[in-house]
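Have it open while you read, and go through the points in order.

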Amino acid sequence: MEKQALATITAISVAIITPTSALADGMRYNQAIYEEIGMDRSEVIDWVQDPKRNVYGKTEDETMQYLIASTKEEQTSNIRMDTTAARGSWSNQWFAKGGWIARNGMWSLSLQPTWWAATATPTRYYYAESAWATVPPQFSSSRHWTTYPTASKMMKEQFDCHVRYGNLKTPYNLEPSRTSISQITCN
């Protein structure tokens with residue numbers, strides 16, 4: 001009888017301790033994911049719950065998918081600068097830098113936005129139009145842009161998608177070869 005009572009107490013102790021680790025294993029996004037994207041869960045939730053920043057009502061899951069995909073894309077990219085673009089560095093009040101890069105053989109216009117990308121919406125959208133207006137005059141004559149008939153339209157769509165997420169993921173890498181974009185990754 002004593003052994004049976006001891007076994008019951010042990011089982012109860014295990015049952016009390018086990019749920020903590022079971023919940024941790026069952027979480028969709030563990031701590032390693034948050035470390036990988038460079039944000040903690042509270043920062044993601046703050047962004048999702050702030051209607052000034054999350055105008056389009058992105059869910060926590062959609063935001064996490066965007067951040068995870070962007071992080072994986074950066075980690076797996078074999079980035080190479082276009083040597084013709086690298087001769088002169090481009091920047092202005094809207095972008096700290098901009099230039100063509102090749103990631104896994106696909107050319108992208110990589111734009112690092114300045115302070116305006118972190119502003120609350122709708123102010124960010126107001127600045128975005130002025131910021132975008134500086135991009136085509138600087139880069140649209142490049143062979144990377146002119147090779148694709150829909151480059152202007154698709155790059156603007158990618159840019160607008162990145163702007164919706166503000167400064168959650170920078171730089172904005174715009175790929176002229178795209179014929180459609182994911183609303184999660186913006187590429």
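This is a predicted model: local features need pLDDT of at least 70, side-chain atom pairs count only at pLDDT 80 or more; totals for chains, interfaces and linings use all residues.

**Notes on the model**

1. Let's start with Gln138, which has a relative accessible area of 40% and is therefore partly exposed (buried means under 20% relative accessible area, exposed over 50%, partly exposed in between, with a 1.4 Å probe and protein chains only). Gln138 sits in helix α7, residues 135-139.

2. Residues are numbered from 1 along each chain as its sequence is written, and side-chain values use heavy atoms, with hydrogens and water left out.

3. The overall layout: the protein has 9 helices and 4 strands (DSSP runs numbered from the N terminus, helices being H or I of at least four residues and strands E of at least two). Reading from the N terminus, the order is α-α-α-α-β-α-β-β-α-α-α-α-β. Of its 187 residues, 38% count as buried. Among contacts with a separation of 6 or more, 59% come from residues 24 or more positions apart (contact means heavy atoms within 4.5 Å).

4. Now have a look at α6 (residues 123-133) against α9 (residues 151-164). These helices pack at an angle of about 150°, with their axes 11 Å apart (axes are lines fitted to C-alpha atoms, for helices over the stretch in contact, and angles run from 0 to 180 degrees between N-to-C directions). That makes α6 and α9 roughly antiparallel to each other (over 145 degrees; under 35 is roughly parallel, 65 to 115 roughly perpendicular and the rest oblique).

5. Which residues in α6 and α9 meet? From α6 come Arg124, Tyr125, Ala128, Glu129, Ala131 and Trp132, and from α9 Ser152, Met155, Lys156, Phe159, Asp160, Val163 and Arg164. Sorted by class, this contact has 7 nonpolar, 1 polar and 5 charged residues (Ala, Val, Leu, Ile, Met, Phe, Trp, Tyr, Cys and Pro count as nonpolar, Asp, Glu, Lys and Arg as charged, and the others, Gly among them, as polar).

6. On to the aromatics: the structure holds 13 aromatic pairs (rings of Phe, Tyr and Trp, the last by its six-membered ring, with centres within 6.5 Å; planes under 30 degrees apart are stacked, over 60 edge-to-face and the rest tilted). Take Trp116 and Phe159: their ring centres are 6.2 Å apart and their planes at 40°, so the pair is tilted. Because Trp116 lies in the loop between β3 (106-113) and α6 and Phe159 in helix α9, the pair ties together parts that are 43 residues apart in sequence. Both residues are buried. Ring pairs link Trp116 and Phe159 into a cluster with Trp90, Phe95, Trp100, Trp132, Phe139, Trp145 and Tyr172.

7. Beyond its neighbours within four places in sequence, His162 is in contact with Tyr66, Lys169, Tyr172, Asn173, Leu174, Thr185, Cys186 and Asn187.

8. Finally, two backbone spots to check. Most residues other than glycine have a negative phi, and most peptide bonds are trans. Cys186, in the segment after β4, has a positive phi near 70°, and is buried at 0% relative accessibility. The peptide bond from Thr170 to Pro171 is cis, with omega near 5°, and Pro171 lies in the loop between α9 and β4 (172-174).
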